[in-house]
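Student: I am new to this structure and would like a close look at a single part of it. Please take one place and then connect it to the rest.

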Amino acid sequence: MKSLRIAAATALALAPAALVAGPAHAADATVSILHAVPGATVDVYANGKSLLTNFKPGTLTDPLMLPEGSYDLKVTAAGAGAGGKAIIEAKGVAVPGGANVTVVAHLSEAGKPVLTPFVNDTSKVPAGKARLTVRHTAAAPAVDVRANGAVALKGLTNPNEAKAVVDAGTIKADVVLAGTSTVAIGPADVNLKEGTNTIVYAWGSAADKNLALAVQTISGMHSAPGGVPAGAGGQVADEKQAADVARYAAIGGAAAAAGGLVLLARRRTADAR
Amino acid sequence: MDHDVDSRRDRADGRGSRRSRGVAAALAAALLAGVGTAWLTRSSDAAPPSSTAVLDSSGRPATPSPPPTSPTSPTAPTDPDRPTSFATSLAARPATVAPAAGAAVPDRLTVPRVGIDMPVVPVGVARDGEMALPATPARVGWYRYGARPGDASGATVLAAHLDMPGYGVGPIAAVEELRTGDVITVRSGEETQRYRVTTVTSIRKTTLDLDSLFARDGPAVLHVVTCGGDFDRTARRYDENVVVTAKPTA
């Protein structure tokens, strides 16, 4: 009875903290939102509730944990209210549990504002490498993406993505019309930080001449190198071996000498007797 | 009386038993001398090998790997009773990536008590996926993708060749003599970071926990690494890594 009472008291002591914190579900998704529609400062609603206000073009939210499920998303002009006219509306946007997702408000190839959810690849990257993801979210035709002048990803169309694992480091990135060397965006220095998924968005409108690049970095996918190979000469091993041989010789020699001396001493005493 | 009995017993036993007693005495002396020599010529112990084997993959402390996220922490959804907002403040920032950091990189490793004073250069990953070390044992490589000295968390990894064909034994070999409490200094441009040795361990490469050696999170620590153990003459590789762990100190 006594132990039960103690257990109950402990449970009560813990409970208030638990209620305030709110448990995180394993089925939550990590969601970021990118505003890639030129010219409009907006408010964003999910299932009728305000998610974001005064959201400026070219900005990316901090990650938000959302329970998995289906969401009705609505983008209005800033200050228009939950019932305001929708600039973009997307019903039933699927947010998968445990996924890392970026929802992008952007122009379609034809220039119409749309919302596209992209699932971000968070799998591990080998040591010394980075994952480069490029997403075509611009009102523009198919493009190739170049790194330091060489085509890295080809024939990308709106609203699709392409990705590759590349050496970490800073690249000079530009975007050309597919199959040509006509530069549509850039060049711009992009730091592909080791162990990250660096996501580059082409956004804006070719017709309005405001095409640009936006970048999102997700980190934590690095791997350790496969080993530290710090010695190929063997000289230290040789020295240790030589030292060991000398030591055994000394031990053996000392033992033989001691034994010999004892025998000699005993013979002398025997002779003396 | 006894004396007479003894001398008669001696003559009765004869030379044989006297000889066997002599051999026994000689063996005892030999054993004593051998053990004594072995003890006198023993190698002096460095800091005892870490019994907790923090870098042993079979026994490493459980640290959950960080969930992949953007640098800032996520905002949790609020109580559903709050009618209109998902989060009290969801911030948005310009979608750009910071250019590569221009902070100074480590350039000198000094261990005064054992006479190590070596230049340090940034290194990355070799084609075979292992850490790339400077070719000469005279220089130390700093793993450029890991923590820097002075960072709040993660392991700063410095490694140098123990020996190389043509060069001989490298200066880093002296780390074998390090003891707990010894001071190590790493200079990065104008800044100097001091460390105190906590452990010196020699670990089979097959058991070494590389994720711990190259940890990007957890407490800030210095790992100075070289090779040790047995040398395979065909493969030209040692079978162990010697790892000095040191904690930052004022």
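Where in chain A is the place of Pro159(A)?

Tutor: This is a predicted model. In it, Pro159(A) sits in the loop of chain A between β12, residues 150–156, and β13, residues 161–167. The peptide bond that leads from Asn158(A) into Pro159(A) is cis, and its omega is near 0 degrees.

Chain A has another cis bond to look at, between Gly186(A) and Pro187(A), with omega about 5 degrees. Pro187(A) is placed in a strand, β15, which covers residues 183–192 of chain A.

In total, 69 residues of chain A are in contact with 74 residues of chain B. On the side of chain A that touches chain B, β15 is one of the elements that each supply at least two residues, and β1 (28–36), β17 and α2 (235–272) are also among them. The largest share of that side, 16 residues, is from α2(A). Sorted by kind, the residues of this side are 37 nonpolar, 26 polar and six charged. Strand β4(A) pairs with strand β1 of chain B, residues 92–94, in the antiparallel sense, over three bridges. Within β1(B), Ala92(B) is the bridge partner of Thr61(A).

Next comes the interior. In soluble globular proteins, nonpolar side chains tend to be buried together. The largest nonpolar core here has 109 residues, and Tyr201(A), Ala202(A) and Ala159(B) are those with the most contacts inside it. Strand β10 of chain B, residues 221–232, gives six residues, the largest share of this core. Another core, of nine residues, lies apart from it and includes Ala254(A), Ala258(A), Ala26(B) and Ala30(B). As for Ala202(A), leaving aside neighbours within four places in sequence, its contacts include Ile185(A), Val175(A), Leu211(A) and Leu213(A).

Two loop residues remain, one in each chain. Lys209(A) lies in the loop between β16 (197–205) and β17 (212–218) of chain A. Lys209(A) is not a glycine, yet its phi is positive, at about 55 degrees. Lys209(A) counts as exposed because it has 7 C-beta neighbours inside 10 Å, and 12 or fewer is the limit for that class. Arg236(B), in the loop between β10 and β11 (237–249) of chain B, also has a positive phi of about 55 degrees without being a glycine. Arg236(B) has 14 C-beta neighbours inside 10 Å, so it counts as partly exposed.

Notes: Residues numbered from 1 in each chain as written. Chains lettered and ligands numbered in written order. Predicted model: local features only at pLDDT ≥ 70, side-chain atom pairs only at ≥ 80, totals over all residues. Core = buried A, V, L, I, M, F, W, Y, C linked by C-beta atoms within 7 Å. Buried ≥ 20, exposed ≤ 12 C-beta atoms within 10 Å, placed from the backbone. Helix = DSSP H or I, 4+ residues; strand = E, 2+ residues; numbered from the N terminus. Contact = placed C-beta atoms within 7 Å. Nonpolar A, V, L, I, M, F, W, Y, C, P; charged D, E, K, R; others polar. Pairing = 2+ DSSP bridges.
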